[in-house]
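Subject: Structure for your attention

Dear colleague,

Please find the sequence and structure below. A summary of what was found follows.

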Amino acid sequence: MADKAVVALLISETSAHLSAYFPALASCEEISEVVLSDAGQKHVAAARQKLGDKLTRVYNSPEELFKKEKPDLALVSMEAIQSPAAIDIALEHGCQVFAEKPSCTDIEQFEALVKKADAKHLNLMLALANRNNPEVKAARRMVRKGTFGKIYSIQMNYIADQTRLTNKGYHANWFAQKKRAGGGHLIWLGIHWLDLGMYITDSKITDVSGFVTNIGGQPLDVEDATALSLKFDKGFLGTLTSGYFTNRGKQSMIKIWGSKGWLEMDYTTGKHLQWSLNADKPGTIHKFEDSIQPRGYTPCVHAAVRSALDKEPPTLDSHDSLQVLRTIYAAYKASETGQTQKIPVD
């Protein structure tokens, strides 16, 4: 493998998180060049400004790009309805893929892409950036080490602002329309916490029941509220409350109870990670004292580049990406039918 990667950035007029992806690519020392496919050319000027000389060539479509380029990694940030075709082209040309979630509007689309990735020995990873946060890695290490003993339960909340849903401009965005996004808050934001629930506990969700609804009553055909009950393959149970409820800002938390103690990650209060053990003196609370930086999309993108160069294992693989999407689409079906749904585990 080369020491540095050529990265294909596949975007469109409505791409999400470019303000994070441009600096992430620009700051990655293990990228030699970026080649851009920008349907509509809306973001070319911004890309040139942010990426500088690292941006070497610009194309009008993924098809045009892959006729001339052989990148090591494709970073895909497109509407969910557009993403499968772009991902498929990248995989067809033997390219590893890092894709903005959810990258599909039904689970069959993503299952087909994972099947192709497997057949070509490639990785298709969703941009679930929270996995790279230092406190998340620390929590996972402690759980896997057995610090908290047998896991009994996990509680997860991911709450954002209802205010955005009152904006008519927001209604026109692709992630506010089911046909273009596949769903609402759960598949756009709640997905992060479902993935962390599985990642931190090193366990897969096998059963889901619950409800999704539009509680705020805004003129949208996607959910703004989700309440799920979950069963994991190691036998413990969990819950997720996910929705647009606050006036402003986010409120998010993960708490895990085990036979030897508990841990809590409360991002609302800024207590990124604290824990208590049954063997401690009553009232003892341990706090994560290490730096919580770097975090977000930059370390996530840098890790994806290193994995494409075979310098480290990927943050998540195709089947991790598939599992969280299977859970979400199963949750939608559970709400629609009123029946608990079994989720296949590869």
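Residues 24 or more positions apart account for 71% of the contacts in the protein with a separation of 6 or more, a contact being heavy atoms within 4.5 Å. This is a predicted model, in which local features need pLDDT of at least 70 and side-chain atom pairs count only at pLDDT 80 or more, while totals for chains, interfaces and linings use all residues. Residues are numbered from 1 along each chain as its sequence is written, and side-chain values use heavy atoms, with hydrogens and water left out.

Overall form

The protein has 11 helices and 15 strands; these are DSSP runs numbered from the N terminus, helices being H or I of at least four residues and strands E of at least two. Its radius of gyration is 20 Å, close to the 20 Å that the globule rule gives for 346 residues, so the protein is as compact as a globular protein of that length. The radius is taken over C-alpha atoms, and the rule is 2.2 Å times the number of residues to the power 0.38. The C-alpha trace spans about 65 × 45 × 40 Å along its principal axes. Of the 346 residues, 57% count as buried, meaning under 20% relative accessible area with a 1.4 Å probe, protein chains only.

The sheet

Nine strands form an open sheet of mixed pairing, in the order S14-S13-S12-S11-S7-S10-S9-S8-S15; two strands pair if DSSP finds at least two bridges between them. S14 (286–287) and S15 (341–342) stand at the edges with a single partner strand each, so one side of each lacks a neighbour in the sheet. Strands S12 (residues 261–266) and S13 (residues 271–277) run antiparallel and are joined by five bridges. Glu-264 stands opposite Gln-274 in S13.

Helix H6

Helix H6 (residues 134–145) lies across S7 (151–161), S12 and S13, at about 20 degrees to S13. Axes are lines fitted to C-alpha atoms, for helices over the stretch in contact, and angles run from 0 to 180 degrees between N-to-C directions. The buried residues of H6 include Pro-134, Val-136, Ala-139 and Met-142, and its buried residues pack against S7, H9, S12 and S13. Just after H6, Gly-146 takes a positive phi of about 90 degrees.

Helix H9

Helix H9 (residues 185–201) lies across S7, S8 (205–213), S9 (225–232), S10 (237–246), S11 (251–258) and S12, and runs at about 155 degrees to S7.

Yours sincerely

Definitions and conventions
Buried < 20%, exposed > 50% of the residue type's maximum accessible area, 1.4 Å probe, protein only.
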